[in-house]
Amino acid sequence: MVHYDMYRMGWQQFEHMVQSFAKDVLGNGLRPFGSGRDGQREADFRGRVAFPVGAGRTWNGHGVVQAKYREQHAGTLSDSKWFLGEVQKELKRWQLKKLQSKNVPSYLLFATNVSLSGVEEVGGKDQFETTMQRWSQELGLRGWYVWDYSELRTMLDNNTDIRKRYLEQIITGDLLEELRQLLPQPSALEIDRLAAYTVSELTSRQWVRTGDVGYGDGSKMRLADIAVDLPCSIGEPSTGPKVRRYKAAAAALARGNATYTSVSGRGPAGVVLVGGPGQGKSTLCQLVAHTYRLAFLAETDLTVFGPKAEEAVLALRSRLAHAEISMPVKRRWPVLVELAKVGAAISRQEGTFSLLHYLASQLNIKGRTTPPASLLDWMKSWPICLILDGLDEVPDSRVRAELVAAIGAFATDAAGEGVDLFIIASSRPQGYNGEFGEAVDCSEFRLVELTETEALAYSEALTGVRQADDPFLADQVTDRLITAVHGRVTQKLMTTPLQVTIMTALAEDAVDLPSDRFELFDRYYRVVYDREVSKPGAVGELKTLRGHIDHLHEEAGVRLQRSAQRPSGSDPVVAKREIRKLLARRLSAAGFEDSDADSLAEKLIRLSTERLVLLVSRRTGKYEFDVRSLQEYMAARALTTGEDAAIITGLRQLLPVSHWRNTWLLAAERLLSKREHLGEPLVEMITEFDQESVEASITCVGADLARELYLDNFATEFPRLRRALLSSALTLFSDPSPELGPVPRRLLEAVKSTGDSREQAMLLEALHLHARADLSSLAAKVLSDNSTGMDDLAKQARITLSEGRRYVRPRSLTGGESVVALRAALEAYRGGNAGATALLDSLEGVRPFSTEGVWVPVDLLQALEADDAREILVRLIRRLKSSRPEVARYATLALRTRMSRPTI
C-alpha cells in the first residue's frame with residue numbers, strides 16, 4: 001500500500017481535499033465554505049445522506065464537516081492526544097453556541113491527517129468514541145464519525161480523480177516508483193520519459209558559456225558555480241532608498257507554493273520578471289526552472305541516469321543552498337519556453353495557434369514526440385510551472401497579439417481542465433505594457449540594480465571559478481573592481497550581472513575600466529579580439545583584415561536587429577550565404593580578386609565564429625549572437641557608420657521605437673565619442689521630438705529618451721548638452737500619476753545627488769511650474785512628499801504649495817479598471833465618430849483582470865494605427881486631463897505604446 005505524506009500539503013489544501021471527499025461521499029447537497037482554521041465548519045449538509053456507508057441507520061438532518069490538520073508528525077500517542085484536544089475545543093464551542101440559542105448540528109464528521117490507533121479502549125479511535133458519547137446528550141448529537149489518516153489513505157487509493165488532484169502534495173519516497181503505482185497505466189508509461197526529459201533539461205542547460213557573457217576564451221562555466229538570486233521590487237517603484245527589496249527567484253517560488261486551479265478559487269496566475277538589458281531575466285528563468293527540476297526529482301534514484309546527472313544535481317543543490325533559495329513546497333513540473341521561437345512559429349503557421357500543441361511538439365523525449373492529449377493528461381495529474389522567457393523579443397504587434405491570445409486560451413483551457421498552472425514570464429520594460437495581464441492574472445517583479453555588495457559578491461564568484469589556480473590574480477581583479485564600484489561614473493557600469501561579468505573580464509587584463517556602456521562593450525570586444533591575435537600561431541588574417549571582420553559583426557548585428565522586428569523575425573538568424581555574399585562584395589571593392597574574395601570571405605566567417613565566438617551557429621548555415629546586448633552593440637556600430645546626415649536621419653527614424661531603444665542609447669554614446677561634432681544635432685533631435693506634433697507632445701517619447709541618456713552619464717564632458725537633456729527629461733514630472741514610479745524617481749535622485757547647482761535649480765523650477773499648472777501632477781506629489789525640513793527642495797515645496805494649494809492624488813486604476821474607464825469615457829464622447837467607434841470596438845470583450853500592472857490591449861493598439869482614432873484619443877486626453885486625470889493618463893499610455901511599436 002502506498003504511503004501518503006499529508007503533513008506536506010498544508011492545512012488549506014487538506015481542507016480542500018476533505019471538502020472534495022465529503023462532496024463525493026455525502027452528495028451534492030453538501031455546502032463547502034471558505035478556508036479558515038477556526039470557522040467550526042469546512043462544509044455542512046441538511047437532509048438525508050447515505051452515510052455512514054454500511055451502517056444500519058444513515059444520517060438525516062443538519063450535519064457539519066470539520067477538518068483538523070496537524071503541521072508536524074510527533075508520534076501516534078502525541079498525535080492522538082492533540083486531536084482529542086482539538087475535538088474537545090470544538091465541542092465546547094458548540095456548547096457555547098447552544099447556550100446562546102444558536103443552531104447546533106445533529107451530526108459531526110471530523111477529518112484529520114493524524115493516525116488514530118485502533119487499540120481497544122486506550123487507542124485514539126476508542127477515545128474519540130468515548131468523548132463523543134459523553135458530549136452527545138449535552139449537545140443533542142445523533143451521529144458522529146472521524147476520517148483519520150488511515151481511512152483517508154484508503155479513500156485516496158479508491159478515488160483516482162481526487163488522488164490525482166492532490167498527488168504532488170502527498171506523494172513521498174522515490175517519485176518515479178510511486179507515480180508508476182498511483183497513475184493510470186497509460187500515464188504511468190510516460191513517467192520514465194518525463195523524468196528523462198527533466199534530467200536532460202537539467203544537465204544540458206547547466207552550462208553558461210563564458211565567451212557569451214564576458215570572457216573571450218570560449219570556456220564554459222556551470223550555472224551551479226555562479227548562480228545568484230537577483231534583487232527585485234514587487235508592486236512598488238524599483239528605485240529609491242525606501243524600496244523594499246526581495247529576491248526574485250525565492251519570491252517567485254514562494255508564489256508557486258499556492259494552488260492555482262478553478263477548484264481553489266484562484267485559477268491560473270503568475271508573475272512577470274521585468275528587467276533591462278543584461279539584468280538577468282533569462283538566467284533567473286533558468287534558475288527557477290532548475291529549482292523546480294531538482295524538487296521534482298527529489299528522492300528519485302538518479303543512478304539510472306548516470307554519474308553526470310548525479311553530479312549536476314548535487315552541484316545545483318549546493319549552489320541553491322548558498323544562494324539561500326529553498327526548495328519549493330509544491331514540486332511543480334517546469335516547462336521553459338523561449339517566446340522568440342514561439343513568435344517565429346506563430347508567424348509561420350496559418351490558422352489559430354495552439355500553445356498546448358507547441359509545447360507538446362517541443363517535448364521530444366527519447367526520440368519520441370509527445371501527443372498533446374498525453375501532455376494535458378499529465379498536467380491534470382501534476383502541478384505545472386510554465387516559464388515564458390522574452391516577450392520583448394516578439395516586437396511585431398500582430399504576432400504579439402496572437403501570442404498573448406494563445407497564452408490566454410491555454411490558461412483558460414487549463415482552468416477548465418482543473419490544471420494547477422503557475423506562470424512565470426519575462427520582458428524588458430521598454431515596450432512592455434502589461435500584455436501578460438490580458439492572458440492571466442499576474443504580478444510584476446521589477447528587477448532592480450545590484451548594490452555594491454551584490455556586484456562584488458557576483459564578481460568574486462566569477463573570479464573564484466575562473467582564477468581558482470591563481471589567487472594572486474583573483475585578488476587583483478577584486479581590488480580593481482572595488483575601485484570601480486566606488487567611482488561615480490564606473491559604478492553605473494556595475495549594476496547588472498552582464499555588466500559585472502564584462503567588467504570582471506576586463507579587470508583580468510588590467511585594462512583601464514570603461515566609463516560608459518558603449519565603451520564597456522567596445523573594450524570587451526577589443527580585449528576578446530586582442531587575446532586571439534596575441535595567441536601563438538594566431539591566423540594572420542585576424543591581424544591584417546580586422547576591419548573586414550569588424551564589418552561582418554556590425555552587419556550581422558544590424559540585420560538581426562531589423563529582422564527581429566518583422567512578423568517572421570521573432571527568432572532571428574542571419575544566413576551564412578547572406579553574410580558571405582556581403583563580405584565577398586566588400587573584399588572585391590577593397591581590391592581583392594573576385595576569385596579570392598569568396599574563399600577569403602569563407603575564412604573570415606570561420607575565424608569569427610570559431611575563434612572570436614561572438615556569433616554562434618545553433619542551426620546549420622545560420623548565425624546569431626548568444627547575448628542580445630552584444631547584437632545591439634554591433635548594430636549601434638553599424639548605425640553610426642557612414643555619412644553624418646545619413647546617421648542622423650537613421651537615428652531619427654528609430655527614436656520612438658522601443659525595440660531599438662538599447663541600440664539607440666549605445667549608438668548615441670559612440671557618436672559622441674567618435675564624432676563629437678554630431679553631439680549637438682543629436683541632442684537637438686531628441687529635445688525637439690516632442691514638439692513635432694500634438695501626439696508627440698502628449699506621449700513625451702523624446703523626454704523619456706533624454707532621461708535615459710542623462711541617467712547613462714551621457715555627455716558628462718559637455719554640461720550644456722546634459723542640461724538640454726535634463727530640461728527635456730523634467731517634463732516627465734507633468735504626468736498625473738498617483739505614484740512616483742521608478743522612471744521619475746531615478747531622475748529625481750540623480751539630479752539631487754549630482755552636486756551641480758544649475759541642474760538642481762532646473763529641477764526646482766520645473767517642479768514649481770508643473771505643480772502650479774496641475775496639482776495632480778508628479779511634480780506636485782514630489783513637492784508634497786518633501787515639504788518638511790530645510791533643504792532646497794523643502795523650501796521650494798512650501799513656496800509652490802502655498803495659499804491653500806495641495807497635491808490632488810489621482811485615482812489608482814488596475815489594468816482592467818483602466819480599460820473600463822476608458823471605454824466609458826469614449827462612449828460618452830464619441831458622438832457618432834468613426835474613430836471613437838473603432839476604439840470602442842477594440843475594447844469589447846477585454847477581460848478586466850485586477851492585475852497589479854496596467855496594460856494596453858493589443859486590439860486597442862491596432863485600432864490606433866488609424867489617424868482619426870489617434871486624433872479622437874488626443875482630444876479625449878485634453879478634455880479629461882483635469883477632470884479625469886487617471887483616464888487621461890491611461891489613454892496617454894496607449895498612445896505612447898502605439899508610437900513605440902516598430903513599423904516595417
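Modeller: Gladly! Covering here rests on contact, meaning heavy atoms within 4.5 Å. Helices (H or I, at least four residues) and strands (E, at least two) are DSSP runs, numbered from the N terminus.

Colleague: What kind of model is this, and how are residues numbered?

Modeller: This is a predicted model, where local features need pLDDT of at least 70 and side-chain atom pairs count only at pLDDT 80 or more, while totals for chains, interfaces and linings use all residues. Residues are numbered from 1 along each chain as its sequence is written, and side-chain values use heavy atoms, with hydrogens and water left out.

Colleague: Which residues of H13 are buried?

Modeller: Buried means under 20% relative accessible area, exposed means over 50%, and partly exposed is in between (1.4 Å probe, protein chains only). Helix H13 (residues 339–348) has seven of its ten residues buried. They are Leu-339, Ala-340, Val-342, Gly-343, Ala-344, Ala-345 and Ile-346.

Colleague: How do E11 and E12 run, parallel or antiparallel?

Modeller: Strands of a sheet pair through backbone hydrogen bonds, either parallel or antiparallel. Pairing is called if DSSP finds at least two bridges between two strands. Here E11 and E12 run parallel and are joined by six bridges. In one of them, Val-337 has Leu-388 of E12 as its partner. E11 is also mostly covered, with five of its six residues buried.

Colleague: In what order do the three strands of the open sheet come?

Modeller: The order is E15-E17-E16, with antiparallel pairing. Strand E15 (574–575) and strand E16 (615–619) are the edge strands, since each pairs on one side only. Between E16 and strand E17 (residues 622–625) there are three bridges, and Arg-619 stands opposite Lys-622 in E17.

Colleague: Which residues touch the most other members of the largest nonpolar core?

Modeller: In soluble globular proteins, nonpolar side chains tend to be buried together. A nonpolar core is a set of buried Ala, Val, Leu, Ile, Met, Phe, Trp, Tyr and Cys residues joined through side-chain atoms within 4.5 Å. The largest one has 206 residues, and Trp-333, Leu-386, Phe-436, Trp-664 and Phe-733 touch the most other members. H21 gives the most to this core, with nine residues. Apart from it lies another core of 31 residues, including Leu-826 and Val-874.

Colleague: How many residues does H21 have, and how far does it reach?

Modeller: Helix H21 (residues 517–534) has 18 residues and reaches 26 Å from its first C-alpha to its last, close to the expected 26 Å. The expected span is 1.5 Å times one less than the number of residues. Of its 18 residues, 15 are buried.

Colleague: Where is Ser-777 placed?

Modeller: Ser-777 is in the loop between helix H34 (757–773) and helix H35 (778–785). At 0% relative accessibility, Ser-777 counts as buried. A polar atom of its side chain lies 3.3 Å from the backbone oxygen of His-770. Leaving aside neighbours within four places in sequence, its contacts include Phe-733, Asp-735 and Tyr-807.

Colleague: How many disulfides does a search of the whole structure find?

Modeller: A disulfide is a pair of cysteine sulfur atoms within 2.5 Å, and the search finds zero. For Cys-232, the nearest cysteine sulfur is that of Cys-285, 13 Å away. The sulfur of Cys-285 is 9.0 Å from the closest one, in Cys-385, too far for a bond.

Colleague: Which backbone angles deserve a second look?

Modeller: Most residues other than glycine have a negative phi, and most peptide bonds are trans. Ser-101 has a positive phi near 60°, and Asn-713 has a positive phi of about 65°. Ser-101 is exposed, with a relative accessible area of 68%, whereas Asn-713 is buried at 12%. A cis peptide bond joins Phe-51 and Pro-52, with omega about -5°. Pro-52 is in the loop between strand E2 (43–48) and strand E3 (60–68).

Definitions and conventions. Polar contact = N/O pair within 3.5 Å; in protein donor to acceptor, adjacent residues only side chain to side chain.
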